[in-house]
Amino acid sequence: MPENASANFSPRFQGATFDDMVEALTKGFGSFDAWRHGREKPLDWKVGFWGDERLSLVSNQDSGGWGARTGQGTPETLAIVVPRTGALDVAFGRTVAEATPGRLLLMNNIEPERVSVRAAPHRSDTLSLSWTILAQTVASVLETPLIGSLDLVPVVDRSTAAGQLIGNLAQTMIIGMRNNGPLLHSPIAMLNLMQMFADLVVRTIPHRLSHLLDKKIHLIAPRHVRRAIEFMHANIAQPLTMQSVAEAAGISIRALEVGFRAFKGTTPSAYLRTIRLQAVREDLRDPSNRQPLRDICLKWGFFHLGRFAATYRAAYGENPSDTRRRFDM
(Lines give C-alpha, C1' and ligand atoms only; values in the text may rest on other atoms or scores of the structure.)
Protein backbone atom coordinates (compact mmCIF):
# COMPACT_ATOMS: atom_id res chain seq x y z
CA MET A 1 0.00 0.00 0.00
CA PRO A 2 1.87 3.12 -1.12
CA GLU A 3 1.92 6.05 1.26
CA ASN A 4 0.11 8.33 -1.20
CA ALA A 5 -2.66 5.79 -1.80
CA SER A 6 -5.30 8.03 -0.24
CA ALA A 7 -4.09 11.36 -1.62
CA ASN A 8 -6.77 11.68 -4.26
CA PHE A 9 -10.19 11.52 -2.66
CA SER A 10 -13.14 13.76 -3.30
CA PRO A 11 -13.92 15.48 0.01
CA ARG A 12 -17.52 15.79 1.06
CA PHE A 13 -16.50 18.57 3.45
CA GLN A 14 -13.47 20.80 3.86
CA GLY A 15 -12.62 23.90 5.82
CA ALA A 16 -10.23 25.71 8.11
CA THR A 17 -11.64 25.45 11.66
CA PHE A 18 -11.39 22.58 14.14
CA ASP A 19 -15.04 22.71 15.18
CA ASP A 20 -16.17 22.40 11.58
CA MET A 21 -13.86 19.40 11.10
CA VAL A 22 -15.32 17.68 14.19
CA GLU A 23 -18.83 18.28 12.88
CA ALA A 24 -17.88 16.76 9.52
CA LEU A 25 -16.18 13.73 11.07
CA THR A 26 -19.23 13.12 13.27
CA LYS A 27 -21.25 12.51 10.12
CA GLY A 28 -18.84 9.73 9.19
CA PHE A 29 -17.94 8.22 12.59
CA GLY A 30 -20.96 8.99 14.74
CA SER A 31 -20.88 10.90 18.01
CA PHE A 32 -17.46 11.55 19.59
CA ASP A 33 -15.82 14.03 21.95
CA ALA A 34 -12.84 15.94 20.55
CA TRP A 35 -10.28 18.43 21.82
CA ARG A 36 -7.40 20.51 20.54
CA HIS A 37 -5.07 23.03 22.12
CA GLY A 38 -5.92 26.29 20.44
CA ARG A 39 -9.22 25.34 18.81
CA GLU A 40 -9.37 28.81 17.26
CA LYS A 41 -6.15 28.33 15.25
CA PRO A 42 -6.62 27.79 11.50
CA LEU A 43 -6.73 24.14 10.49
CA ASP A 44 -6.72 23.13 6.83
CA TRP A 45 -8.72 19.90 6.57
CA LYS A 46 -10.82 17.78 4.25
CA VAL A 47 -13.05 14.77 4.91
CA GLY A 48 -14.78 12.24 2.68
CA PHE A 49 -16.93 9.27 3.70
CA TRP A 50 -18.82 6.51 1.96
CA GLY A 51 -20.72 3.32 2.83
CA ASP A 52 -23.47 2.34 5.25
CA GLU A 53 -23.99 0.97 8.77
CA ARG A 54 -22.40 -2.38 7.89
CA LEU A 55 -19.19 -1.03 6.36
CA SER A 56 -18.12 2.57 5.98
CA LEU A 57 -14.98 4.41 4.93
CA VAL A 58 -13.78 7.78 6.24
CA SER A 59 -10.80 9.48 4.56
CA ASN A 60 -9.46 12.54 6.34
CA GLN A 61 -6.54 14.89 5.96
CA ASP A 62 -5.50 17.63 8.41
CA SER A 63 -2.53 19.09 10.28
CA GLY A 64 -2.98 16.93 13.38
CA GLY A 65 -2.55 17.95 16.99
CA TRP A 66 -5.96 16.84 18.26
CA GLY A 67 -7.62 14.03 20.18
CA ALA A 68 -10.97 12.26 20.41
CA ARG A 69 -12.95 9.49 22.06
CA THR A 70 -16.15 7.74 20.97
CA GLY A 71 -19.33 9.24 22.38
CA GLN A 72 -22.30 7.49 23.94
CA GLY A 73 -24.76 5.83 21.59
CA THR A 74 -22.28 5.40 18.73
CA PRO A 75 -22.75 2.02 16.98
CA GLU A 76 -20.11 -0.55 17.93
CA THR A 77 -17.67 -1.31 15.12
CA LEU A 78 -14.34 -2.85 14.32
CA ALA A 79 -12.26 0.18 13.29
CA ILE A 80 -9.44 -0.48 10.81
CA VAL A 81 -7.20 2.58 10.68
CA VAL A 82 -4.74 2.83 7.79
CA PRO A 83 -2.31 5.72 8.44
CA ARG A 84 -0.85 7.30 5.30
CA THR A 85 1.15 10.17 6.81
CA GLY A 86 1.62 11.20 10.43
CA ALA A 87 0.90 9.04 13.47
CA LEU A 88 -1.90 8.21 15.92
CA ASP A 89 -1.65 7.07 19.54
CA VAL A 90 -4.51 5.03 20.97
CA ALA A 91 -4.76 4.61 24.75
CA PHE A 92 -6.27 1.48 26.30
CA GLY A 93 -5.83 2.21 30.00
CA ARG A 94 -2.08 2.31 30.62
CA THR A 95 -1.33 0.69 27.27
CA VAL A 96 -0.76 2.98 24.28
CA ALA A 97 -0.74 1.61 20.73
CA GLU A 98 1.04 3.55 17.99
CA ALA A 99 -0.24 3.57 14.42
CA THR A 100 2.08 4.85 11.70
CA PRO A 101 2.47 4.26 7.98
CA GLY A 102 3.39 0.59 7.69
CA ARG A 103 1.32 -0.38 10.73
CA LEU A 104 -2.43 -1.00 10.72
CA LEU A 105 -4.60 -0.35 13.76
CA LEU A 106 -7.49 -2.71 14.63
CA MET A 107 -9.80 -1.89 17.56
CA ASN A 108 -13.32 -1.94 18.87
CA ASN A 109 -14.28 1.72 18.47
CA ILE A 110 -15.83 2.09 21.93
CA GLU A 111 -12.93 0.57 23.90
CA PRO A 112 -10.10 3.16 23.68
CA GLU A 113 -9.99 5.88 26.32
CA ARG A 114 -8.70 8.30 23.70
CA VAL A 115 -7.21 8.57 20.22
CA SER A 116 -4.52 11.23 19.74
CA VAL A 117 -3.46 12.49 16.31
CA ARG A 118 0.05 13.88 16.53
CA ALA A 119 0.76 17.43 15.42
CA ALA A 120 2.08 16.93 11.88
CA PRO A 121 0.56 16.52 8.44
CA HIS A 122 -1.92 13.70 8.97
CA ARG A 123 -3.76 11.58 6.44
CA SER A 124 -5.55 8.29 7.07
CA ASP A 125 -8.31 5.99 5.90
CA THR A 126 -10.58 4.33 8.45
CA LEU A 127 -12.86 1.40 7.66
CA SER A 128 -15.64 0.73 10.18
CA LEU A 129 -17.06 -2.81 10.08
CA SER A 130 -20.20 -3.53 12.10
CA TRP A 131 -19.21 -5.35 15.29
CA THR A 132 -22.21 -7.64 14.81
CA ILE A 133 -20.54 -9.11 11.71
CA LEU A 134 -17.35 -9.80 13.67
CA ALA A 135 -19.31 -11.35 16.57
CA GLN A 136 -21.19 -13.60 14.14
CA THR A 137 -17.88 -14.67 12.61
CA VAL A 138 -16.46 -15.52 16.05
CA ALA A 139 -19.53 -17.65 16.78
CA SER A 140 -19.27 -19.39 13.42
CA VAL A 141 -15.50 -20.00 13.35
CA LEU A 142 -14.98 -20.79 17.04
CA GLU A 143 -18.43 -22.23 17.81
CA THR A 144 -18.76 -20.04 20.89
CA PRO A 145 -20.63 -16.77 21.46
CA LEU A 146 -18.57 -13.62 21.86
CA ILE A 147 -19.15 -12.33 25.38
CA GLY A 148 -17.33 -9.19 26.47
CA SER A 149 -14.19 -7.80 24.83
CA LEU A 150 -12.34 -9.75 22.13
CA ASP A 151 -9.06 -8.10 23.22
CA LEU A 152 -7.61 -7.93 19.72
CA VAL A 153 -3.91 -7.13 19.45
CA PRO A 154 -4.36 -3.58 18.11
CA VAL A 155 -1.28 -3.00 15.96
CA VAL A 156 -0.58 -5.12 12.88
CA ASP A 157 2.77 -4.73 11.10
CA ARG A 158 2.13 -4.73 7.36
CA SER A 159 5.44 -6.52 6.72
CA THR A 160 4.17 -9.71 8.41
CA ALA A 161 2.17 -12.38 6.61
CA ALA A 162 -1.00 -11.50 8.55
CA GLY A 163 -0.36 -7.80 7.98
CA GLN A 164 -0.05 -8.30 4.25
CA LEU A 165 -3.29 -10.29 4.07
CA ILE A 166 -5.27 -7.87 6.22
CA GLY A 167 -3.66 -4.80 4.67
CA ASN A 168 -4.19 -5.87 1.07
CA LEU A 169 -7.84 -6.73 1.68
CA ALA A 170 -8.39 -3.44 3.52
CA GLN A 171 -6.81 -1.57 0.61
CA THR A 172 -9.07 -3.41 -1.86
CA MET A 173 -12.14 -2.29 0.10
CA ILE A 174 -10.84 1.29 0.41
CA ILE A 175 -10.19 1.60 -3.32
CA GLY A 176 -13.54 -0.03 -4.09
CA MET A 177 -15.47 2.41 -1.86
CA ARG A 178 -13.58 5.70 -2.16
CA ASN A 179 -15.21 8.36 -4.34
CA ASN A 180 -18.39 6.27 -4.71
CA GLY A 181 -16.40 3.39 -6.19
CA PRO A 182 -17.79 0.21 -7.79
CA LEU A 183 -17.92 -1.76 -4.54
CA LEU A 184 -20.75 0.46 -3.30
CA HIS A 185 -22.83 -0.69 -6.26
CA SER A 186 -22.08 -4.40 -5.75
CA PRO A 187 -23.85 -5.49 -2.54
CA ILE A 188 -22.97 -9.17 -2.95
CA ALA A 189 -19.28 -8.38 -3.44
CA MET A 190 -19.42 -5.99 -0.49
CA LEU A 191 -20.92 -8.67 1.76
CA ASN A 192 -18.39 -11.28 0.65
CA LEU A 193 -15.48 -8.93 1.35
CA MET A 194 -16.85 -8.00 4.78
CA GLN A 195 -17.24 -11.64 5.75
CA MET A 196 -13.80 -12.49 4.36
CA PHE A 197 -12.23 -9.63 6.30
CA ALA A 198 -13.91 -10.64 9.57
CA ASP A 199 -12.83 -14.25 9.02
CA LEU A 200 -9.20 -13.21 8.45
CA VAL A 201 -9.20 -11.07 11.59
CA VAL A 202 -10.56 -13.91 13.74
CA ARG A 203 -8.12 -16.45 12.29
CA THR A 204 -4.90 -14.42 11.94
CA ILE A 205 -4.88 -11.60 14.53
CA PRO A 206 -4.17 -12.66 18.15
CA HIS A 207 -7.10 -12.16 20.53
CA ARG A 208 -8.59 -13.51 23.75
CA LEU A 209 -10.15 -16.55 22.04
CA SER A 210 -7.28 -17.43 19.69
CA HIS A 211 -6.52 -20.60 21.67
CA LEU A 212 -9.83 -22.05 20.46
CA LEU A 213 -8.54 -22.11 16.88
CA ASP A 214 -5.96 -24.79 17.70
CA LYS A 215 -8.44 -26.67 19.83
CA LYS A 216 -10.98 -26.70 17.01
CA ILE A 217 -8.46 -28.25 14.61
CA HIS A 218 -7.91 -31.23 16.89
CA LEU A 219 -11.24 -31.44 18.68
CA ILE A 220 -14.12 -31.10 16.26
CA ALA A 221 -17.32 -31.21 18.28
CA PRO A 222 -19.22 -34.47 17.68
CA ARG A 223 -22.65 -34.48 16.14
CA HIS A 224 -24.55 -34.81 19.41
CA VAL A 225 -22.87 -31.69 20.85
CA ARG A 226 -23.67 -29.73 17.69
CA ARG A 227 -27.27 -30.94 17.84
CA ALA A 228 -27.54 -29.78 21.44
CA ILE A 229 -26.14 -26.35 20.54
CA GLU A 230 -28.52 -25.99 17.60
CA PHE A 231 -31.44 -26.95 19.85
CA MET A 232 -30.42 -24.35 22.45
CA HIS A 233 -30.19 -21.57 19.86
CA ALA A 234 -33.49 -22.54 18.25
CA ASN A 235 -35.29 -22.58 21.62
CA ILE A 236 -33.34 -19.93 23.51
CA ALA A 237 -36.49 -18.10 24.62
CA GLN A 238 -38.27 -21.27 25.76
CA PRO A 239 -38.08 -22.93 29.20
CA LEU A 240 -35.32 -25.51 28.80
CA THR A 241 -34.01 -28.24 31.04
CA MET A 242 -30.81 -30.13 30.42
CA GLN A 243 -32.97 -33.25 30.17
CA SER A 244 -34.85 -31.77 27.20
CA VAL A 245 -31.57 -30.70 25.58
CA ALA A 246 -30.10 -34.18 26.05
CA GLU A 247 -33.22 -35.80 24.60
CA ALA A 248 -33.09 -33.48 21.55
CA ALA A 249 -29.43 -34.52 21.03
CA GLY A 250 -30.31 -38.20 21.50
CA ILE A 251 -27.96 -38.80 24.44
CA SER A 252 -28.00 -39.01 28.23
CA ILE A 253 -27.47 -35.99 30.50
CA ARG A 254 -24.14 -37.50 31.56
CA ALA A 255 -22.95 -37.78 27.94
CA LEU A 256 -24.13 -34.22 27.32
CA GLU A 257 -22.08 -32.95 30.26
CA VAL A 258 -18.98 -34.88 29.19
CA GLY A 259 -19.30 -33.70 25.58
CA PHE A 260 -19.58 -30.02 26.50
CA ARG A 261 -16.70 -30.13 28.95
CA ALA A 262 -14.46 -31.89 26.44
CA PHE A 263 -15.32 -29.91 23.32
CA LYS A 264 -16.63 -26.54 24.56
CA GLY A 265 -14.72 -26.17 27.82
CA THR A 266 -17.90 -25.48 29.79
CA THR A 267 -21.12 -27.10 30.97
CA PRO A 268 -24.33 -27.22 28.91
CA SER A 269 -26.16 -25.02 31.42
CA ALA A 270 -23.33 -22.44 31.43
CA TYR A 271 -23.34 -22.39 27.63
CA LEU A 272 -27.10 -21.78 27.60
CA ARG A 273 -26.72 -19.01 30.17
CA THR A 274 -24.01 -17.39 28.03
CA ILE A 275 -26.09 -17.21 24.85
CA ARG A 276 -29.06 -15.91 26.85
CA LEU A 277 -26.86 -13.21 28.40
CA GLN A 278 -25.81 -12.25 24.90
CA ALA A 279 -29.48 -12.00 23.86
CA VAL A 280 -30.22 -9.69 26.81
CA ARG A 281 -27.24 -7.52 25.90
CA GLU A 282 -28.41 -7.19 22.31
CA ASP A 283 -31.83 -6.03 23.55
CA LEU A 284 -30.25 -3.50 25.91
CA ARG A 285 -28.09 -2.14 23.10
CA ASP A 286 -31.10 -1.65 20.83
CA PRO A 287 -32.24 1.99 21.26
CA SER A 288 -35.68 1.13 19.83
CA ASN A 289 -36.30 -1.52 22.51
CA ARG A 290 -38.14 0.25 25.34
CA GLN A 291 -39.03 -2.87 27.34
CA PRO A 292 -38.25 -2.63 31.06
CA LEU A 293 -35.20 -4.60 32.17
CA ARG A 294 -37.40 -6.99 34.15
CA ASP A 295 -39.40 -7.91 31.03
CA ILE A 296 -36.24 -8.44 28.99
CA CYS A 297 -34.80 -10.70 31.68
CA LEU A 298 -37.98 -12.75 31.91
CA LYS A 299 -38.11 -13.08 28.12
CA TRP A 300 -34.65 -14.69 28.08
CA GLY A 301 -35.15 -16.91 31.12
CA PHE A 302 -33.62 -14.86 33.96
CA PHE A 303 -36.08 -14.79 36.84
CA HIS A 304 -33.90 -13.53 39.71
CA LEU A 305 -32.90 -9.94 38.87
CA GLY A 306 -30.26 -9.59 41.58
CA ARG A 307 -28.49 -12.78 40.54
CA PHE A 308 -28.82 -11.78 36.88
CA ALA A 309 -27.20 -8.37 37.50
CA ALA A 310 -24.21 -9.99 39.22
CA THR A 311 -23.78 -12.48 36.36
CA TYR A 312 -24.07 -9.68 33.80
CA ARG A 313 -21.43 -7.55 35.58
CA ALA A 314 -19.05 -10.53 35.71
CA ALA A 315 -19.47 -11.13 31.96
CA TYR A 316 -19.38 -7.53 30.66
CA GLY A 317 -17.79 -5.44 33.40
CA GLU A 318 -20.78 -3.10 33.68
CA ASN A 319 -24.34 -3.03 34.98
CA PRO A 320 -27.27 -3.69 32.60
CA SER A 321 -28.41 -0.11 33.18
CA ASP A 322 -24.97 1.15 32.07
CA THR A 323 -25.27 -0.77 28.80
CA ARG A 324 -28.71 0.68 28.11
CA ARG A 325 -27.55 4.21 28.98
CA ARG A 326 -24.59 4.02 26.58
CA PHE A 327 -26.79 3.02 23.66
CA ASP A 328 -29.86 5.07 24.54
CA MET A 329 -30.44 7.56 21.76
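**Rings, charges and a cavity**

Analyst: Let us start with a group of aromatic residues: F302, F308 and Y312 are joined into a cluster by ring pairs. The model is a predicted one. The count of aromatic pairs comes to five.

User: Why is the pair of F260 and Y271 called edge-to-face?

Analyst: Two rings pair if their centres lie within 6.5 Å, and planes over 60 degrees apart count as edge-to-face. The ring centres of F260 and Y271 are 5.7 Å apart and the planes stand at 65°, so the pair is edge-to-face. The pair links distant parts of the chain, with F260 in helix α8 (residues 253-263) and Y271 in helix α9 (residues 268-284), 11 residues apart. Both F260 and Y271 are buried.

User: What makes R12 a charge over the ring of F49?

Analyst: The distance cut-off for CZ of Arg is 6 Å from the ring centre. R12 lies over the face of F49 at 4.3 Å from the ring centre, and K46 lies over the face of F9 at 4.9 Å from the ring centre.

User: How do you know that N319 is partly exposed?

Analyst: Buried means under 20% relative accessible area and exposed means over 50%, with partly exposed in between. N319 has a relative accessible area of 27%, and therefore counts as partly exposed. N319 lies in the loop between α11 (305-316) and α12 (320-327). The C-alpha atoms of N319 and S56 are separated by 30 Å, and these residues are 263 residues apart along the chain.

User: How do you know that the length of helix α2 agrees with its number of residues?

Analyst: Helix α2 (residues 131-142) has 12 residues, which at 1.5 Å a residue should span 16 Å; the end C-alpha atoms are 16 Å apart, so the two values agree. Buried residues in α2 include W131, I133, L134 and A135. T137, V138, V141 and L142 of α2 are buried as well.

User: Which residues line the largest cavity, and of what class are they?

Analyst: Rolling a probe the size of a water molecule over the atoms shows where empty space is left. The count comes to one cavity of 30 Å³ or more, and about 30 Å³ of space lies in the largest cavity. Its lining consists of L284, R285, D286, P287, N289, R290, R324, F327 and D328. By class, the lining of the largest cavity has five charged, three nonpolar and one polar residue.

Notes:
Residues numbered from 1 in each chain as written. Predicted model: local features only at pLDDT ≥ 70, side-chain atom pairs only at ≥ 80, totals over all residues. Heavy atoms only, no water. Phe/Tyr/Trp six-rings, centres within 6.5 Å; stacked < 30°, edge-to-face > 60°. Helix = DSSP H or I, 4+ residues; strand = E, 2+ residues; numbered from the N terminus. Buried < 20%, exposed > 50% of the residue type's maximum accessible area, 1.4 Å probe, protein only. Lys NZ or Arg CZ within 6 Å of the ring centre and 35° of its normal. 1 Å grid on protein atoms, 1.4 Å probe; cavity = no way out; pocket = protein on both sides within 12 Å on 5 of 7 lines; lining within 4 Å. Points joined across faces, edges and corners; volume = space filled by probe spheres on them. Nonpolar A, V, L, I, M, F, W, Y, C, P; charged D, E, K, R; others polar. Expected span 1.5 Å × (residues − 1).
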